[in-house]
Amino acid sequence: MRLDDSPIHQELKAHALEIQNKPMREMFRDDSKRFEHFSVQGPHIFLDYSKNLINKSTLKLLKNAAENAQLKKQIQALFSGGAFEGRLLNHTENRSVLHTALRQPLDSCLMLNGQDIMKEVKLCREKMADFLGKIHDGQVLGYTGKPIRTLVSIGIGGSFLGPKVVTEALKPYAQEGYQCHYLANIDGTDFAQILEKIDPETTLFLLQSKSFSTLETLENAKEVKKWLLCHGVNQSQISQHFIAVTANNSAAIEFGIDEAHIFPMWDWVGGRYSLWSAIGLPIAFLLGMKNFDALLGGAHEMDQHFLNTDFDQNLPVIMAFLGVWYQTYLGADSHAILPYDQYLQYFPDHLQQLDMESNGKHVDRDGKNLSYHSGPVIWGGIGCNGQHAYHQLLHQGTRLIPSDFIIPLQSHHDIGNHHKHLFANCLSQSQALMQGKTYEEALAELLSAGTSSQNAELLAPHKVIEGNRPSNTLILDKTTPASVGALIALYEHKVFVQSALWNINAFDQWGVELGKHLSSDLYKALESNDSKYSFDSSTEGLLNKFKHVDDQKF
């Protein structure tokens, strides 16, 4: 049953009216154990969600909404690749959803269409380990006989964002003497800047495209091939510098990649969930297979927690409940991700794709328009930097913006009192968002500082901070392969649970296809003056700007 067709929907709306203006200060005053009541320890992650506009009744109602959505059955379908209500979870593309299989123990069994897919996963992992072992032993050589030391991953979307966030998050575990770069954009500047940093003699290029037809990836790959040829690589030596992850082996072979250097990509793995597969080769290249396996292990621990833990102690479920609560019932339209760890600087970027591509939908699983908002706008950035910038809007803006603060207890770099200051800053922001500052407090503060009564009364309204702004605090012991794996899996499952409650398909992305299709015709129009291409006046005018660039005056 759709959420808005259920009596629970009206109950939640009524409850929202009751609680939305109740001061969280009072909630903490009235319940001395609120922190204990609204916090939970999961695999590698502790979640404090006490600074939210909720009480026990809120969670009970949201749990009823989950039962209305048959959430347990949907979770079972997620882990089995099976159907929910007679249809695959990704029914619009007729694909099973089984990225969780990629982090299961390799000796387990998971049947899909009569085949044990874990055998394929194991073979792929063994192939990765064998190939990367040869690289790290200095046995994989470039065209001049020098060992490979640099990997450039050429891919876009999930083939780029997932591996990049992990290799950045786990830099302290990088193997000495190796480096990794990501070429995603079709902007020539990105291409030029990366090639300036690398040595063609010791660089391996990894093409990542399930279809081997992604325009940005193929165009970059063609230019890389030209670049290598210009640096003295013979046509027969090209294959020494390319490997691929794809489901289209024939196209990769036609491009010039040795079949032995092609790694599989399966139909049951969506791009934004693919870092756990051979798409994660950059991770294993830079960190080693042992750390890649530890990353998978941390994610699997979160999978088991999600699959087997009661909803009231289940990290992904609780975070999803809060997301639905704010987006659907309290009018929030965005969500801030605020990591207080430099190594997690790209985590908000990855979550933008994960959440917005999954839940940025306007129709339900039956194709009917939603009567409520679904996925939020995801944004954010590194903690302390944001405090001197956009946190201003979080504290005193007119919008309700729930936030996630993420911080490790331990730093990889114990410099002076840096980490204590960092931790204090993180906690101070969530505290300030919750409690705010009243007019009376602002006035008293000004008067005690010696401000005249007249000026104090003028300034006090500007110093008022309403508070009652919700936030979660997620604490890791340290950014390790296991904790980062658990953190990413946590958000994957949170996004899935939200889609289940909203009754939408989180695994297709038809919204990205229209632009791709239109881009093809626009490129053809730029290449020719054929009048068969006709566009709206704005597009025509902008095309002409490009075609007649020499005539433009700025």
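**Spaces, helices and loops**

Trainee: Which element gives the largest share of the lining of the largest cavity?

Mentor: Let's begin with α13 (315-329), β14 (403-408) and β15 (471-476), each of which supplies at least two lining residues in this predicted model. Helices (H or I, at least four residues) and strands (E, at least two) are DSSP runs, numbered from the N terminus. The largest share, 4 residues, comes from α13.

Trainee: Which elements give two or more residues to the lining of the largest pocket?

Mentor: A pocket is an open set of points with protein on both sides within 12 Å along at least five of seven lines. The largest pocket has a volume of about 1400 Å³. It is lined by 47 residues, and the closest to its centre are Ile-156, Thr-214, Val-512, Glu-513 and Lys-516. The elements you asked for are α7 (158-169), α9 (215-230), α14 (347-359) and α21 (513-527).

Trainee: What covers the buried residues of α14?

Mentor: Buried means under 20% relative accessible area, exposed over 50%, and partly exposed in between, with a 1.4 Å probe and protein chains only. Among the buried residues of α14 are Phe-347, Leu-351, Leu-354 and Ser-358. Their cover, found through contacts (heavy atoms within 4.5 Å), includes α7, β12 (334-339), β13 (377-380), β14 and α20 (481-502).

Trainee: Is Ser-277 buried or exposed?

Mentor: Ser-277 sits in the loop between β11 (262-264) and α11 (281-287). Beyond its neighbours within four places in sequence, Ser-277 is in contact with Leu-102, Met-128, Met-265 and Phe-292; Phe-292 is itself among the buried residues of α12 (289-308). A polar atom of the Ser-277 side chain also lies 2.6 Å from the backbone oxygen of Ser-274. Because its relative accessibility is 3%, Ser-277 counts as buried.

Trainee: How far apart are Ser-213 and Asn-248 in space?

Mentor: Ser-213 is in the loop between β9 (203-208) and α9, and counts as partly exposed because its relative accessibility is 49%. Its side chain joins that of Ser-211 through a polar contact of 2.6 Å (N or O atoms within 3.5 Å, one able to donate a hydrogen and the other to accept it; residues adjacent in sequence count only through side-chain atoms). Ser-213 and Asn-248 are 35 residues apart in sequence, and their C-alpha atoms are separated by 8.9 Å.

Trainee: What is the phi of Phe-212?

Mentor: Most residues other than glycine have a negative phi. Phe-212 lies in the loop between β9 and α9 and counts as buried because its relative accessible area is 6%. Its phi is positive although Phe-212 is not a glycine, with a value near 55°.

Trainee: Where is Glu-85, which also has a positive phi?

Mentor: The phi of Glu-85 is about 55°, and Glu-85 is not a glycine. Its place is the loop between β3 (83-84) and β4 (87-88).

Trainee: What pLDDT do side-chain atom pairs need to count?

Mentor: Residues are numbered from 1 along each chain as its sequence is written, and side-chain values use heavy atoms, leaving out hydrogens and water. In this predicted model, totals for chains, interfaces and linings use all residues, local features need pLDDT of at least 70, and side-chain atom pairs count only at pLDDT 80 or more.

Terms used
On a 1 Å grid over the protein atoms alone, a cavity is a set of points where a 1.4 Å probe fits but cannot get out, and a pocket is an open set with protein on both sides within 12 Å along at least five of seven lines; lining residues have an atom within 4 Å of a point. Grid points are joined across faces, edges and corners, and a volume is the space filled by probe spheres set on the points.
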